[in-house]
Amino acid sequence: WHGDNPCKKVKLPKVNNEVTNALDTEQINNLLKVLDGYPDREVANLIKLLLFTGIRRGEAFKLQWGDVDLDNGWLYLRQPKGGKDEAIPLNSMALQVLKDQLAYKREATNLVFPSRKNTMRTSIKSVWPRIRQMANLPDNFRLHDLRHTYATILASSGQVDLYILQRLLTHKSSIVTQRYAHLVEGALRRGAEAFVTEIKKEKVISFLRR
């Protein structure tokens with residue numbers, strides 16, 4: 001065949017190869033127990049902050065104390081993945097982690113989680129596999145999956161819609177947040193079913209029979 005390739009204009013389908021792992025309650029408890037006793041307190045605090053805020057590891061690595069508002073409970077992300085600076089609220093657990101991290105603040109750098117040389121971290125690959133093993137987490141559970149765990153818990157709570165979830169995760173597009181849509185829908189269904197639970201209570205039935 002000497003003509004044009006007949007497959008040249010065929011568009012290949014987009015394959016959804018995104019991996020989304022999330023920890024269950026028992027695994028989260030195991031991880032937190034390990035982190036509470038881990039000797040490197042700065043690494044432990046960094047991992048806790050990833051879990052409690054859902055921020056990306058790169059955002060945590062370059063976080064500076066000037067980006068942390070402990071008085072009002074806000075975290076400012078400078079030049080995140082989406083490109084635009086973002087501000088996210090700190091829940092009480094994340095706020096406590098940052099207050100604990102204040103004890104390790106160094107005069108030589110303004111970074112919240114600096115390396116031993118007071119430079120910006122680029123990875124914690126040397127310690128994460130050890131912590132993961134100590135907490136008995138799956139071998140394929142990545143540090144980035146802490147972000148998925150945070151999002152999964154929020155989406156399943158029934159208290160956060162996809163728009164709020166998108167804002168908290170600083171997703172540039174709502175399309176990315178859609179991976180958690182089925183969890184939000186499940187929470188909505190459980191919320192609707194709560195009506196049945198309430199209506200079956202004896203006092204409510206008695207009221208309806210009047």
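Q: How many cavities of 30 Å³ or more does the structure hold?
A: The structure holds one. A cavity is a set of points on a 1 Å grid, over the protein atoms alone, where a 1.4 Å probe fits but cannot get out. Keep in mind that this is a predicted model, where local features need pLDDT of at least 70, side-chain atom pairs count only at pLDDT 80 or more, and totals for chains, interfaces and linings use all residues. Residues are numbered from 1 along each chain as its sequence is written, and side-chain values use heavy atoms, leaving out hydrogens and water.

Q: How much space lies in the largest cavity?
A: About 50 Å³, counted as the space filled by probe spheres set on the points.

Q: And which residues line the largest cavity?
A: Leu 50, Ile 55, Arg 56, Arg 57, Leu 143, His 144, Leu 146 and Arg 147 (each has an atom within 4 Å of a point) form the lining.

Q: What's the lining like by class?
A: Four residues are nonpolar, one is polar and three are charged. Asp, Glu, Lys and Arg count as charged, Ala, Val, Leu, Ile, Met, Phe, Trp, Tyr, Cys and Pro as nonpolar, and the others as polar.

Q: OK, on to helices. At what angle do α1 and α2 cross?
A: Roughly 155°, and the axes of α1 (residues 25-37) and α2 (residues 41-53) come within 8 Å. So α1 is roughly antiparallel to α2, a label for angles over 145 degrees.

Q: Which residues make that contact?
A: From α1 there are Ile 28, Leu 32, Leu 35, Asp 36 and Gly 37, and from α2 there are Arg 41, Ala 44, Ile 47, Lys 48, Leu 51 and Phe 52. Contact here means heavy atoms within 4.5 Å. Seven of these residues are nonpolar, one is polar and three are charged.

Q: What about α2 and α4, how do they pack?
A: At about 160°, with the axes of α2 and α4 (residues 92-101) 9 Å apart. That makes α2 roughly antiparallel to α4 too. Among the contact residues are Arg 41 and Phe 52 of α2, and Met 93 and Val 97 of α4. By class, there are six nonpolar, three polar and four charged.

Q: And where do α2 and α6 touch?
A: Ile 47, Leu 50, Leu 51, Phe 52 and Thr 53 of α2 meet Leu 146, Thr 149 and Tyr 150 of α6. The axes of α2 and α6 (residues 145-156) come within 7 Å and cross at roughly 35°.

Q: How many charged residues are in that contact of α2 with α6?
A: No charged ones, with six nonpolar and two polar.

Terms used: Axes are lines fitted to C-alpha atoms, for helices over the stretch in contact, and angles run from 0 to 180 degrees between N-to-C directions. Helices (H or I, at least four residues) and strands (E, at least two) are DSSP runs, numbered from the N terminus. Angles under 35 degrees count as roughly parallel, over 145 as roughly antiparallel, 65 to 115 as roughly perpendicular and the rest as oblique. On a 1 Å grid over the protein atoms alone, a cavity is a set of points where a 1.4 Å probe fits but cannot get out, and a pocket is an open set with protein on both sides within 12 Å along at least five of seven lines; lining residues have an atom within 4 Å of a point.
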